[in-house]
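Subject: Structure handover

Hello,

Here is the structure we talked about. Please open it and keep it beside you as you read.

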Amino acid sequence: MRILISNDDGYFSPGIAALAEVAREFGEVTVVAPERDRSGASNSLTLDRPLTVRAASSGFLYVNGTPTDCVHIAITGLIGERPDLVISGINDGANMGDDTIYSGTVAAATEGYQLGIPAIAFSLAVKGYEHLDTAAHAAREVLARYVRNPATEPMLLNVNVPGVSRDRLQGLRTTRLGKRHVGESVVRSRSPRGDTIYWIGPAGEALDSSPGTDFGAVASGWVSITPLDVDLTAHQRLPAVQNWLDRTI
Ligand code: MN
């Protein structure tokens with residue numbers, strides 16, 4: 001199995017090193033990741049300048065672009081053979097509920113899925129890499145199950161691992177996305193040169209962490225696995241909008 005790995009924290013992050021080490025147990029690994037932290041990059045592509053690819057001493061390739069750029073150029077021409085699986089992470093922090101809209105970790109996996117390849121995003125739900133070994137263990141468990149039941153069609157999974165020690169990990173749970181409260185207000189400050197500057201505030205706490213959600217599973221010590229799709233159509237709203245808008249003009 002050929003496995004392509006990316007992330008949004010940068011090619012130097014402990015999370016991607018841990019994921020590459022696990023993935024090598026399952027196949028031939030290529031890493032193509034951003035040259036710096038691009039967390040929050042979502043699905044952006046760099047279209048206003050060319051991209052360069054360099055090799056680190058670890059053998060990882062790094063790109064002066066976004067997570068989506070990395071996976072896109074890897075699959076569409078950079079690496080020789082098309083990967084059988086794209087994996088992303090292990091992210092430094094949770095990507096649950098609304099986070100998935102902003103996440104570069106999820107976006108890297110999504111790009112593989114968009115290009116027709118099964119893909120899995122891995123995140124450790126606490127920041128700072130404490131319990132990275134738990135996340136690596138969870139990734140190994142998920143990949144082992146994937147190898148036994150490979151996808152017959154492209155599929156996108158979002159995996160979040162609770163920040164607990166391995167002996168406190170309950171197991172794997174399939175979930176739906178929960179919701180967060182709206183993030184905290186922007187932080188207004190002043191630059192050393194007197195300009196008003198703004199920091200985007202941190203994400204809000206869980207709003208929907210009910211049973212069955214990713215937030216709920218992780219809070220009770222389970223690895224949350226949510227199947228995602230990219231169709232943003234609000235199918236249940238179609239009839240109401242049709243009633244309101246469908247006209248000949
Ligand atoms: Mn990140």
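First, a term: contact means heavy atoms within 4.5 Å. In that sense S13 touches N7 and Y129, leaving aside residues up to four places away in sequence. Please remember that this is a predicted model.

S13 sits in the loop between β1 and α1. Is S13 buried or exposed? S13 has a relative accessible area of 4%, so S13 is buried, since the cut-off is under 20%. Phi of Y129 is near 70 degrees, a positive value in a residue other than glycine. H131 is found in the loop between β6 and α5 too. Phi of H131 is also near 70 degrees, and H131 is not glycine either. Why point these out? Most residues other than glycine have a negative phi.

Aromatic rings

How many aromatic pairs does the structure hold? There are 2. Start with Y11 and F12. Their ring centres are 5.4 Å apart and their planes stand at 75 degrees, so this pair is edge-to-face. Next, take Y11 and Y62. This pair is stacked, at 4.2 Å centre to centre and 10 degrees between the planes. Together, Y11, F12 and Y62 form one aromatic cluster.

How covered are these residues? F12 is partly exposed, with a relative accessible area of 49%. Y62 has 16% relative accessibility, so Y62 counts as buried.

There is one more ring to find. The charged end of R173 sits over the ring of W222, 3.9 Å from its centre.

Now turn to α1. How many of its 10 residues are buried? The count is 7, and α1 is mostly covered. The buried residues are G15, I16, A18, L19, A20, V22 and A23. They pack against β1, β2 (28-34), β5 (85-92), β6 (119-124) and α5.

Two packed helices are described by the angle between their axes and the distance between the axes. For α1 and helix α5 (residues 132-148), the angle is about 35 degrees and the axes are 9 Å apart. The crossing of α1 past α5 is right-handed. Which residues make the contact? On α1 they are P14, G15, A18, L19, V22 and A23. On α5 they are L132, A136, A139, R140 and L143. By type, the contact has 9 nonpolar residues, 1 polar and 1 charged.

L132 and I90

Zoom in on L132, in helix α5. L132 has 14% relative accessibility, so L132 counts as buried. Leaving aside residues up to four places away in sequence, L132 touches P14, G15, A18, I90 and L124. L132 and I197 are 65 residues apart in sequence. In space, they are 34 Å apart, C-alpha to C-alpha.

Finally, check I90, found in strand β5. A cis peptide bond joins G89 and I90, with omega at about -5 degrees. Most peptide bonds are trans.

Best wishes

Key:
Residues numbered from 1 in each chain as written. Predicted model: local features only at pLDDT ≥ 70, side-chain atom pairs only at ≥ 80, totals over all residues. Heavy atoms only, no water. Phe/Tyr/Trp six-rings, centres within 6.5 Å; stacked < 30°, edge-to-face > 60°. Buried < 20%, exposed > 50% of the residue type's maximum accessible area, 1.4 Å probe, protein only. Lys NZ or Arg CZ within 6 Å of the ring centre and 35° of its normal. Axes fitted to C-alpha atoms, helices over the stretch in contact; angles between N-to-C directions. Helix = DSSP H or I, 4+ residues; strand = E, 2+ residues; numbered from the N terminus. Left-handed = near helix turned anticlockwise from the far one by under 90°. Nonpolar A, V, L, I, M, F, W, Y, C, P; charged D, E, K, R; others polar.
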